[in-house]
Amino acid sequence: MTIEQRISAFASFKEFLEQLNETNADFISLAERAERQNPWFTLNYCLLSLKNITEIVSDKFLPYISQQLNYCKTDKRIALIMGGNYPFEGIIEAILILLSGNKLIARISEKDRLLSLLLLKKLQEFGFQDSICITDSFIPQFDAIIANEENATFTKYLSKFPHLLIPKQTSVAILQGNETDEDLQNLGKDIFLFWGQESRSVSKIFIPFDFTEERIMKTLDSFHSVSMHNKYMNNYEYNKSVYLVAQKQHLDNGFLLLKEDQDLKSPLAVVFYEKYSDISQIELFLEKNKKNIYSIVCNDKKAFPSGIPFGNTYKLQEKYIDNNIQFLKNL
């Protein structure tokens with residue numbers, strides 16, 4: 001396929017994606033089956049993931065991405081290990097591989113089989129039949145590979161090939177004391193929208209010394225609906241028990257634990273916080289952990305130029321796209 005044909009195919013694919021919403025009975029039925037197989041994959045979660053995928057092939061991103069990938073070496077066989085940690089994980093990478101003119105070898109995960117197959121099969125129908133190989137076990141011979149970071153053994157194996165390892169990341173929020181209740185409500189979205197499991201989920205908050213932690217917990221009370229999810233609450237109860245037995249101080253609003261801790265990544269249903277007196281303290285932390293930080297949530301663009309507004313971590317970051325594009329261009 002020429003670059004023009006690929007762009008045309010993805011324009012049609014975008015129209016299909018836009019039909020996958022809460023009014024589409026067939027999609028709702030599929031999403032319900034996916035949730036029965038993996039209770040974390042709620043309908044709202046699936047729709048948020050679809051929103052990012054749709055944006056990739058929108059008029060905002062598609063021309064830019066196509067231009068960047070137009071001069072890639074083509075016909076390479078690129079393996080993609082789809083982790084299944086969130087709905088449609090790996091589909092964005094799949095789209096970029098196909099837009100580059102290369103062939104996709106997709107190993108799907110049992111945790112996300114129904115949803116991933118829906119989109120991969122549809123891509124085949126839109127003209128990529130000869131460019132997509134789907135497997136759930138053995139990966140045929142490949143020239144390069146994209147995967148999440150797993151463990152040392154896995155990483156050592158992949159080092160034999162051109163590879164892109166997507167690090168396990170998380171997001172942080174920086175409060176400066178002048179945040180409104182609306183800001184803190186939006187912070188709640190950053191914490192809870194992905195159950196605290198995604199790289200886009202905020203798991204660490206920096207707060208000034210004169211900021212009251214209880215204000216955060218009080219504002220987050222409005223997200224109590226997460227307590228209706230059994231798997232989430234199992235994690236909450238477990239971590240609460242650990243802290244109580246170990247007599248570790250924490251705040252508890254009945255569905256979220258807020259604990260003062262210098263670590264970056266908190267357990268599920270827990271958010272760490274750290275008090276600061278000087279911005280330089282945060283800058284040192286961010287520099288030290290930059291590989292493991294996906295988003296920085298903060299209102300102060302002057303102090304933190306890469307910061308994004310509260311409530312926006314669900315949006316796809318352009319740096320994520322650019323990392324994949326750069327890998328494909330360098331093959």
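Predicted model: local features only at pLDDT ≥ 70, side-chain atom pairs only at ≥ 80, totals over all residues.
Biologist: Let us start with helix α1. How many residues does α1 have, and how far does it reach?

Modeller: Helix α1 covers residues 3-18, which makes 16 residues. From its first C-alpha to its last it reaches 23 Å, close to the 22 Å expected at 1.5 Å a residue.

Biologist: Which residues of α1 are buried?

Modeller: The buried residues of α1 are Ile3, Arg6, Ala9, Phe10, Phe13, Phe16 and Leu17. They lie on the same side of α1, because they cover an arc of only 125 degrees around the axis.

Biologist: Which exposed residues are on the face turned away from that buried side?

Modeller: That face of α1 carries Glu4 and Glu15, both exposed.

Biologist: And what do the buried residues of α1 pack against?

Modeller: They pack against four helices: α3 (43-56), α4 (62-69), α5 (91-99) and α6 (113-128).

Biologist: Let me follow up on α6. How far apart are its end C-alpha atoms?

Modeller: The end C-alpha atoms of α6 are only 19 Å apart, although the helix has 16 residues. A straight helix would reach 22 Å at 1.5 Å a residue, and α6 falls short of that.

Biologist: Which of its residues are buried, and what covers them?

Modeller: In α6, the buried residues are Leu114, Leu115, Ser116, Leu117, Leu119, Leu120, Lys122, Leu123, Gln124 and Phe128. Their cover includes the helices α1, α2 (25-37), α3 and α5, together with the strands β2 (103-107) and β3 (132-135).

Biologist: Changing topic to pockets: how much space lies in the largest pocket?

Modeller: The largest pocket holds about 660 Å³ of space. Its lining consists of 36 residues, and those nearest its centre are Tyr86, Asn148, Ile166, Ser199 and Tyr320.

Biologist: Which element gives the largest share of that lining?

Modeller: Helix α12 does, with four residues. Elements that each supply at least two residues to the lining of the largest pocket include α3, α5, β1 (77-81), β4 (144-148) and β5 (163-166).

Biologist: How does the lining of the largest pocket divide by class?

Modeller: There are 17 nonpolar, eleven polar and eight charged residues in the lining of the largest pocket.

Biologist: What about the second largest pocket?

Modeller: About 240 Å³ of space lies in the second largest pocket. Among the residues that line it are Glu283, Leu286, Lys290, Tyr294, Ser295, Ile308 and Gln317. Strand β11 gives the largest share of this lining, four residues. By class, the lining of the second largest pocket has five nonpolar, three polar and four charged residues.

Biologist: You named Gln317. Where is it, and is it buried or exposed?

Modeller: Gln317 sits in the loop between β11 and α12. Its relative accessibility is 14%, and the limit for a buried residue is under 20%, so Gln317 counts as buried. Not counting residues up to four places away in sequence, Gln317 touches Tyr294, Ser295, Ile308 and Asn312.

Biologist: How many cavities of 30 Å³ or more does the structure hold?

Modeller: The structure holds one cavity of 30 Å³ or more. About 80 Å³ of space lies in the largest cavity.

Biologist: Which residues lie nearest its centre?

Modeller: Of the 15 residues that line the largest cavity, Ile191, Gly196, Ala269, Val270 and Val271 lie nearest its centre. The elements giving two or more residues to that lining are α8 (181-192), β7 (202-208) and β10 (270-276). The lining of the largest cavity has ten nonpolar, four polar and one charged residues.

Biologist: Where is Phe272, and what is it in contact with?

Modeller: Phe272 belongs to strand β10 and is buried, with a relative accessible area of 5%. Leaving aside neighbours within four places in sequence, its contacts include Ser203, Ile205, Tyr243, Lys259, Leu264 and Pro267.

Biologist: Last one: where is Gly177 found?

Modeller: Gly177 is in the loop between β6 (170-174) and α8, and it is partly exposed, with a relative accessible area of 41%. Beyond its neighbours within four places in sequence, Gly177 is in contact with Pro208 and Phe211. The C-alpha atoms of Gly177 and Phe209 are separated by 9.2 Å, although the two are 32 residues apart along the chain.

Key:
Residues numbered from 1 in each chain as written. Heavy atoms only, no water. Expected span 1.5 Å × (residues − 1). Buried < 20%, exposed > 50% of the residue type's maximum accessible area, 1.4 Å probe, protein only. Arc of directions from axis to C-beta. Contact = heavy atoms within 4.5 Å. 1 Å grid on protein atoms, 1.4 Å probe; cavity = no way out; pocket = protein on both sides within 12 Å on 5 of 7 lines; lining within 4 Å. Points joined across faces, edges and corners; volume = space filled by probe spheres on them. Nonpolar A, V, L, I, M, F, W, Y, C, P; charged D, E, K, R; others polar.
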